[in-house]
Amino acid sequence: MKSHLRVTIETLAIRGVSRREIARHTGVDRKTVRRYAELANSPGVATGSEATSGQNPPPWPPAPGMSDDQNPPPRPPAPGPPQKALSACAPHREWIETQVGLGRNAQSIYQDLVELHGFGNRYNSVKRFVRWLKRKEPERFDVLEFPPGEEAQVDFGLGAPTLIKPGTYRRPYLFVMTLKFSGKSFRKTAWKADKETWSRLHEEAWRSFGGCCQYVVLDNLRAGVIHPDIYEPELNLIYAEMLRHYGVVADPCRVRDPNRKGTVENAIQHTQGTALKGKKFESIEAQNAWLVHWEERWAAPRIHGRKKRQVMELYREEKPFLRTLPFEGFRYFKHGTRTVDDAGLVQVDGIYYAALPARLRSQVQVRIYGGEIEIRDSSGQLLRRHPKGERKGQFVLEEGDRLFNPSRETGRLLQKAAKIGPKTEQVARTLFARLGRPGQRALYGLTNLPRTYSCAEIEAVCGRFLAAECVSYAAVRRALERQAAVAAVPDAELTQEGPSIRAIDEYQSFWETHSRTNRQETTDAHVDA
């Protein structure tokens, strides 16, 4: 310390100025002020003319030739450590504690002390006393123990500087998964920290362990948790589906509670401080190779600090309890939300896919895999699965996806004609074979005839026209209309006489008269010839 500061501290300490005031005036730490103040107040130390009058001077060294008896007596031992001064707020402690419990600050408490209790000291005394009352006991942490194979903890950190281009280094992301029981860790660096990389690193870690655990504990990073919630956090869709594929349950920590996954936090610090400290790598592959070597050579054989056993030995004990991995890995996909248009289609990358039975103009989820498309409803239920289209503007539709398909409508009409009878079906097929798709109009008319006529009548008429090889919808309809008209006229009794019937003699006279006239004209014609 500079001499002028030391002299100032000693002088103020001898005058009785508190250590806090000395620290505030000089800008020196209170611990340093205390050390020099104790030296200044100890017997035998003087600071000029301002030294206390009752202080004993230090003994003189013995003069040459003098005996020890002639020397002055030694000075008495220094007194014990100075006692802490009692706060001026101590008499009002009970009242101040009550006010602190109400949430009041030191300034308001000081003002009430002055007005209500005649407090004569400074505000700093009240502020220090309130701060001392608000002192909290150190937080106690429980020791979390889990059986083998139950829990793993994961997190991201930062790796060692790695070359990305000549002369430029950048620190990649460091992924660490640690098994809670054994402390065995998987470490790997990656340039990205997105949701797919996060999920793929989980798979690599489980393959390196030879199995997966029951629970995985993580913090609320965006790659894993979309919306943090203490009661029901929402996981990222790809991450959630990957965990479901392996049968693992995610257990996110509460927000700002990293102590829940202290095992992996310590593993990251251990990796950064021991394996990667002070190192630089020319590629990320070289860094990952070094992490694998360091894990096998140093980290796994070490003695666990708390369990006092070798990490590798604990891992061998835990490995039989890990769950068996699925035969196939998880299929990664891209997902999004689409709206079903008026034709029952959704558009994905410029290609149209049928979304029925989804409701028109409803929102559906689309998952895009390498070679196929899945369409799901809002709850995740699978609706349709299509092969991926090859070009933009393509319609990926099945026969039953169109709202009106001419070919499908023709088949429906022929089936409807077959229900009337085999002859009607044969007439319908003959009409469609002769007229083509425009013949559907005739099929509509033929299949609607049962609304007016019985199927037996239609069958009989169609049979006659097939026999005559004269097939026409109009002819069939007219024949049915004539039959209906005849059937509508009531049957009358035959008679020879009546007001509307001429007598037979009149017909006889008419024929005889006209027959003589015709014979005379014929004879005349022959004579002239």
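## Rings that meet

In this predicted model, the charged end of Lys184 sits over the ring of Tyr315, 5.4 Å from the ring's centre. Let's work through some ring exercises.

**Exercise 1.** Find out why the pair Phe209 and Tyr315 is called tilted.

*Solution.* Start with the centres: they lie 6.4 Å apart, and rings pair if their centres lie within 6.5 Å. Next, take the planes, which meet at 55°. Under 30 degrees would be stacked and over 60 edge-to-face, so this pair counts as tilted.

Now place the two rings. Phe209 belongs to helix α7 (residues 195–209), while Tyr315 belongs to helix α11 (residues 311–318). The pair therefore ties together parts that are 106 residues apart in sequence.

**Exercise 2.** Decide whether Phe209 and Tyr315 are buried or exposed.

*Solution.* The cut-off for buried is under 20% relative accessible area. Phe209 comes in at 1%, so Phe209 is buried. Tyr315 has 7%, so Tyr315 is buried too.

**Exercise 3.** The structure holds 15 aromatic pairs. Classify the one formed by Phe175 and Phe186.

*Solution.* Check the distance: 6.3 Å centre to centre. Then check the angle: 65° between the planes. Over 60 degrees means edge-to-face, and that's what this pair is. Phe175 sits in strand β4 (residues 173–179) and Phe186 in strand β5 (residues 185–190), eleven residues apart. Both Phe175 and Phe186 are buried.

**Exercise 4.** Which ring face does Lys279 lie over?

*Solution.* Look at Trp290: Lys279 lies over its face, 4.8 Å from the ring centre.

Methods:
Residues are numbered from 1 along each chain as its sequence is written. This is a predicted model: local features need pLDDT of at least 70, side-chain atom pairs count only at pLDDT 80 or more; totals for chains, interfaces and linings use all residues. Side-chain values use heavy atoms; hydrogens and water are left out. Rings of Phe, Tyr and Trp (its six-membered ring) pair if their centres lie within 6.5 Å; planes under 30 degrees apart count as stacked, over 60 as edge-to-face and the rest as tilted. Helices (H or I, at least four residues) and strands (E, at least two) are DSSP runs, numbered from the N terminus. Buried means under 20% relative accessible area, exposed over 50%, partly exposed in between (1.4 Å probe, protein chains only). A charge sits over a ring if NZ of Lys or CZ of Arg is within 6 Å of the ring centre and within 35 degrees of the ring normal.
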